[in-house]
Amino acid sequence: MRRSVIVFIAATLAAVSFETAAAIAEKLQRLSGAQIRAKFVAMQLTDEVHWRYVYDRDGTLRSYSMGTKKVGKWTIEKDELCLYRDERDDGCYEVSLSGKSVTMKPSGLGLTLEGVLQTPADRN
């Protein structure tokens with residue numbers, strides 16, 4: 001009997017997790033180039049702990065990661081956000097938005113970036 005209850009609870013939790021993930025995925029809206037520009041100019045994308053990218057109006061990208069500041073460039077190409085920081089993972093990303101939550105999938109190899117879009121906490 002106890003084993004049946006545990007199996008039932010596990011199955012229920014798995015179903016709820018799957019439905020929650022599906023609901024989140026449904027809310028994500030892929031952005032066009034014009035939408036990316038409208039949302040990102042003069043804003044920052046951050047994980048709110050380790051890193052943040054500040055998208056200046058002139059195309060300058062200021063990145064802050066674990067106490068290190070770097071300056072690069074950002075641009076829009078073919079409805080993708082392209083980041084150039086002289087890093088191994090430079091390149092273009094498909095951008096999706098749900099509220100203030102952003103998901104950026106690389107067009108090539110690389111890791112997906114997830115963060116929150118907000119007004120910069122400009123600490124230079």
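Predicted model: local features only at pLDDT ≥ 70, side-chain atom pairs only at ≥ 80, totals over all residues.

Me: What makes Arg 62 count as buried or exposed?

Reply: Buried means under 20% relative accessible area, exposed over 50%, and partly exposed in between (1.4 Å probe, protein chains only). Arg 62 has 11%, so the label is buried.

Me: How do you know that Glu 87 and Lys 70 form a salt bridge?

Reply: Their closest N and O atoms are 2.3 Å apart. Glu 87 sits in the loop between E6 and E7 and Lys 70 in strand E5, so this pair ties together parts 17 residues apart in sequence. Helices (H or I, at least four residues) and strands (E, at least two) are DSSP runs, numbered from the N terminus. Glu 87 has a relative accessible area of 29%, so the label is partly exposed; Lys 70, at 36%, is partly exposed too.

Me: What makes Arg 85 and Asp 90 a salt bridge?

Reply: Their side chains meet at 3.7 Å, N to O. Arg 85 is buried because its relative accessible area is 8%, while Asp 90 has 25% and is therefore partly exposed. A search of the whole structure finds 4 salt bridges.

Me: How do you know that Cys 82 and Cys 92 are joined by a disulfide?

Reply: A disulfide is a pair of cysteine sulfur atoms within 2.5 Å, and Cys 82 and Cys 92 have S to S 1.9 Å. The count by this rule is 1 disulfide. It links distant parts of the chain, with Cys 82 in strand E6 and Cys 92 in strand E7, 10 residues apart. The link is right-handed, with 105 degrees about the S-S bond. Both Cys 82 and Cys 92 are buried.

Me: Why are E2 and E9 called paired?

Reply: Two strands pair if DSSP finds at least two bridges between them. E2 and E9 have 3 bridges, in the antiparallel sense, and Gln 44 stands opposite Gln 118 in E9. E8 and E9 also run antiparallel, joined by 4 bridges; there, Val 102 stands opposite Gly 115 in E9.

Me: What makes a set of residues a nonpolar core?

Reply: It takes buried Ala, Val, Leu, Ile, Met, Phe, Trp, Tyr and Cys residues joined through side-chain atoms within 4.5 Å. The largest one here has 21 residues, of which Tyr 55, Leu 81, Leu 83 and Met 104 touch the most other members. Helix H2 (33–40) and strand E5 (68–77) are among the elements that each supply at least two residues of this core. Tyr 55 has contacts (heavy atoms within 4.5 Å) with residues including Phe 40, Trp 74 and Met 104.

Definitions and conventions
Residues numbered from 1 in each chain as written. Heavy atoms only, no water. Lists of a residue's contacts leave out its neighbours within four places in sequence.
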